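Please read them with the model open beside you.

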Amino acid sequence: GRARPACHSRMASEAGARSRSLAGGQLLLTSVVCLVLLPGPANGLAEWHGEFFCDVPDMTNQELEFVRTKNCDQVRNAIMAFRVRGAEDPCPGVDRIQIFDCMRNKTKDGDPPTSDWDVRARAALQLCDQSWTALTDGSTGDLKQATYYAVNAWGSILMNGHDCCTLLKAPYCITRKPGIFDYALILLFIMFALLFLFVFARSCTQWLQQLGKQVPEEPWNPRLPIQGLPQSAVDLERKLLTIWDNSCLGGKGDASRALPQSREWGKAAASLFATLKLYYDFQADNVCNQFEHLISLWRSHAAMVTDREIQDAMENRWRWVSNSNASNMSVGEDASESGSRMDASLSKTLQRAAADAERNLLEDAIGDLHRDLLEGLHHWRSRLSECDDAQVPSRRERQRKGLLAQAESDSAKQLVEISIYLLVWGEAGNIRFMPELIYFLTEMALAAEGHLMRGQLYEGSGGGGKSNLFLSKIIRPIYNVVFEEWYVKVDIDPKSSRDKKVLKDKFHRFLPADTANYDDWDELFCSPPRMIERILLDDGTRLFDIPHEQRFAALHRVHWRKTLAAHKTKTHREVHSLWGVFASIHRVILLHLVLFLSLVLVAADEEVPALSTSASMLGRSRAVRFAIVGLLVPLHGFTLYYARWEVTGAALRLRNCGAREIW
């Protein structure tokens, strides 16, 4: 009768050896010998033909008792839970504590098991019984053997070797066998690996094929003149007119498909762009690109004008067409015939509306484009006109001066303003990030007078080198200030062999708080008083002291390093601290503090006895304590003053932080 524990002891040692090596065959052989040659004392275990998977690590006696009790409790709880779910109950009406005695009696009486679960349940309970027998032998050395029986009763028999509950803390069990999700993850990883290898091999193959066919590129030399560009205003005008004729506005080469007055508008636009190139010395490539840009914008607004005219015709004439057809419908006429007549009449009405819109389509479209594209310029110009120190002529006077004076109709004047804005915007490059600066340059160019030939507006500025004068004398000096504020030099990237800007030290993560950026420079041109005061010439005088029509000719004399200096233009410091957060939400913080302190005082609404040995920092009475809340106001004011000092730039610190504007 004691042969089974010895067998299990031997199996425990073999299980430990199996966990320390890969000798799985020895454990299997030992299990077969124990099950066949050594008969057990109970028939319940004789029906179990599996192997034991779990081994017990070295533990103290208290820990072993905890593991043994927990595993046997899990066995009884699992059997009870399985009975509740509707399985055949071999022991109806028996609680969890008496379930072991009932199952053991069933086994002794020779009742055959009714299912595989019944077999495993009886074997697990029988093994828990042997665990208790080993514990009651009187020797403490059998406690590990008893724990071994209990662990395998749950892990090896009931869980089929999936779990071994030998841990002292949650989750208490170690999973030994992988589940279906584990295999799914491995399969998914293999699929991704195969897909990656396939794509990598395909990419390498294509790259090798292209490498064999690749023609070596010629080294790029920025100083070489671009071939094929027009060398005179006449050649440029012809090229622009060809671009117009090949566009949808010009009929795409077919004059019969062109819009009404398309040829006249095309000649006017091409002549204007060529003239502006001659006057301001814009780059020829920029002139061609912006001319195509103008055509694209013009075409889009022409489509919107046509849609608007057709929609107005539908809204205004639909009721008239319906009433007319209803009154003219004869007695007995079919409703379908009347509906077809209405559709035909409406179709003619829409065609007539589209034909009427085409007569002045280009003129109406240029008006809409002028309003939408230059809306910001008009607002900026109105703010500048309101400043007396700017000495800007009124809108009516502006129409009689500069380039606008040469345009006869309102549509022609609108085309001039659009063209100047697009050409300045095209030359600007990174300066486009400062739209108010673009408005400033456009306004100066529109007001310029006395330009008859190339270079007259830049007299005394020297040559432009390989670049055109507008780029070299107006745009480049401004960008040099931007570049020197952030970068050290332009280097060559060893990987791509292209230009690479090298940032200053400690500029890689973020710009320091006192470093100017595009927003700061653009804000200078948003404020007419500051702009008038800050734009200085190289002799120290102000640009706005010169008459308005002569200011463009003096732009090449502006000292942009003084004008755009960070300590003169920086109005807001982008600090990376909580002071910036407090300056933004200081009212919310003050409200929360007041409410929190008030609620604390309400919750602590108890009178403090006036004892000589006691003291209360917030006061003994309710009135005194609530008066403490008022101290938050000066504390908040001082903190806000310092926070505003931290986030305000040097250009506004003395004015804002020294006056009552901070409040």
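1. A residue is called buried here when its relative accessible area is under 20%, exposed when it is over 50%, and partly exposed in between, with a 1.4 Å probe and protein chains only. This is a predicted model, in which local features need pLDDT of at least 70 and side-chain atom pairs count only at pLDDT 80 or more, whereas totals for chains, interfaces and linings use all residues. Residues are numbered from 1 along each chain as its sequence is written, and side-chain values use heavy atoms, with hydrogens and water left out.

2. With a disulfide taken as a pair of cysteine sulfur atoms within 2.5 Å, the count comes to two. One of them joins Cys54 to Cys164, with an S to S distance of 2.0 Å, and its angle of -85° about the S-S bond makes the link left-handed. Helices (H or I, at least four residues) and strands (E, at least two) are DSSP runs, numbered from the N terminus. Cys54 is buried at 0% relative accessibility, and Cys164 is buried as well, at 5%.

3. The other disulfide is formed by Cys165 and Cys173, whose sulfur atoms are 1.9 Å apart. The torsion about its S-S bond is about 80°, so this link is right-handed. Cys165 is buried, with a relative accessible area of 4%. As for two further cysteines, Cys128 is buried at 3% relative accessibility, whereas Cys526 is partly exposed at 29%.

4. Side chains of opposite charge can pair when their charged atoms come close. Counting as a salt bridge any side-chain nitrogen of Lys or Arg within 4 Å of a carboxyl oxygen of Asp or Glu, a search of the whole structure finds 18. One of these pairs is Asp58 with Lys144, where the closest N and O atoms are 3.1 Å apart. The pair links distant parts of the chain, since Asp58 sits in the loop between helix 3 and helix 4 and Lys144 in helix 7 (residues 142-158), 86 residues apart. Asp58 is exposed at 72% relative accessibility, while Lys144 is partly exposed at 35%.

5. Which residues are linked in a network of salt bridges? They are Arg308, Asp368, Arg371 and Asp372. Within this group, the side chains of Asp368 and Arg371 meet at 3.2 Å, N to O; the two are three residues apart in helix 13, and are therefore separated by about one helical turn. Asp368 is buried at 10% relative accessibility, whereas Arg371 is partly exposed at 47%.

6. Glu533 forms a salt bridge with Arg542, the closest N and O atoms being 3.1 Å apart. Glu533 is partly exposed at 48% relative accessibility, and Arg542 is partly exposed at 22%.

7. Glu309, Asp312, Glu315, Glu363, Asp364 and Asp410 form a negative surface patch, a patch being made of residues with over 30% relative accessible area and no salt bridge, in which like charges are joined within 9 Å. Helix 11 (284-328) and helix 13 (361-373) each supply at least two of its residues, and the largest share, three residues, comes from helix 11. Asp410 is found in helix 16 (residues 410-428) and is exposed, at 58% relative accessibility.

Key: Patch = residues over 30% accessible without salt bridge, like charges linked within 9 Å, V, L, I, M, F, W, Y side chains within 5 Å. Areas by Shrake-Rupley, 256 points an atom, 1.4 Å probe, with all protein chains shown as cover. Lys, Arg positive; Asp, Glu negative; His and termini not counted. Charge placed at Lys NZ, Arg CZ, Asp CG, Glu CD.
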